[in-house]
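Hi,

Here is the structure I said I would pass on to you. Have a look at it first, and then read my notes below.

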Amino acid sequence: MNDVSLKSVGIVDVEFGAGVTVVEPSNLYGCTIADGVFVGPFVEIQKDVSVGARTRVQSHAFICEKTYIGENCFIGHGVVFINDRFATGGPARGNQALWQETRIGSNVSIGSNATILPVSICDDVVIGAGAVVTRSITEPGIYAGNPARKIRALA
């Protein structure tokens, strides 16, 4: 095994609130997980991420650095958060100065396989499955599509 670097999946340097459930295997490091959060299997939550109380993160989600999620949220299966907009025409390649943050309000539900670019999403929003959120959302409602657009108000 010449020139092979093996990395273990695990939970390292995480600040947990009370009553948290993490289903392994999951990869959590350098993040803050508030009270009553559920994290499903095959989830990665990177450093400098905070997940608010009573939020559920379903399997196969990827939450990158500089992502902040409010309380009572639902992150569906396979949701991906992105912090690099490829501003230079390609990946930042470790140049974290090019990374941008994502802020998710409270009571936000994000459907399976949605992709969330560096944006802000206000409270009380539903993002449809498979949506691609490319712009900040400042008005509660239901959003879907690529790019995600408001399709109606919440009932």
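**What I found**

Let's start with Leu98, which touches Asn83, Thr88 and Ala92, leaving aside residues up to four places away in sequence; contact here means heavy atoms within 4.5 Å. You'll find Leu98 in the loop between β13 (80-81) and β14 (102-104). Strands are DSSP runs of E with at least two residues, and helices are runs of H or I with at least four, numbered from the N terminus. Leu98 is partly exposed, with a relative accessible area of 30%. For that scale, buried means under 20% relative accessible area, exposed means over 50% and partly exposed is in between, using a 1.4 Å probe and protein chains only. Phe86 is 12 residues away from Leu98 in sequence, and their C-alpha atoms are 8.3 Å apart in space.

Before you go further: this is a predicted model, where local features need pLDDT of at least 70 and side-chain atom pairs count only at pLDDT 80 or more, while totals for chains, interfaces and linings use all residues. Residues are numbered from 1 along each chain as its sequence is written, and side-chain values use heavy atoms, with hydrogens and water left out.

Now the sheet. There is an open sheet of eight strands with mixed pairing, in the order β3-β6-β9-β12-β15-β18-β20-β21. Two strands count as paired if DSSP finds at least two bridges between them. At the edges are β3 (21-22) and β21 (149-152), each pairing on one side only. Further in, β18 (residues 125-127) and β20 (residues 141-144) run parallel and are joined by three bridges.

Which residues touch the most other members of the largest nonpolar core? They are Ile45, Phe81, Ile104, Ile110, Ile116, Ile121 and Ile127, out of 34 residues in that core. A nonpolar core is a set of buried Ala, Val, Leu, Ile, Met, Phe, Trp, Tyr and Cys residues joined through side-chain atoms within 4.5 Å. Both β15 (108-110) and β18 supply at least two residues each to this core.

The peptide bond from Glu24 to Pro25 is cis, with omega near 0 degrees, and Pro25 is in the loop between β3 and β4 (27-29). Another cis peptide bond joins Asn146 and Pro147, with Pro147 in the loop between β20 and β21. Asp13 is not a glycine, yet has a positive phi of about 55 degrees. Asp13 sits in the loop between β1 (11-12) and β2 (15-16) and counts as exposed, at 66% relative accessibility. Lys66 is not a glycine either, and has a positive phi of about 70 degrees. Lys66 is in the loop between β10 (62-63) and β11 (67-69) and is partly exposed, at 27%.

Last, the rings. The charged end of Arg56 sits over the ring of Phe38, 4.1 Å from its centre, and Arg103 lies over the face of Tyr68, 4.2 Å from the ring centre. That label needs NZ of Lys or CZ of Arg within 6 Å of the ring centre and within 35 degrees of the ring normal.

Cheers
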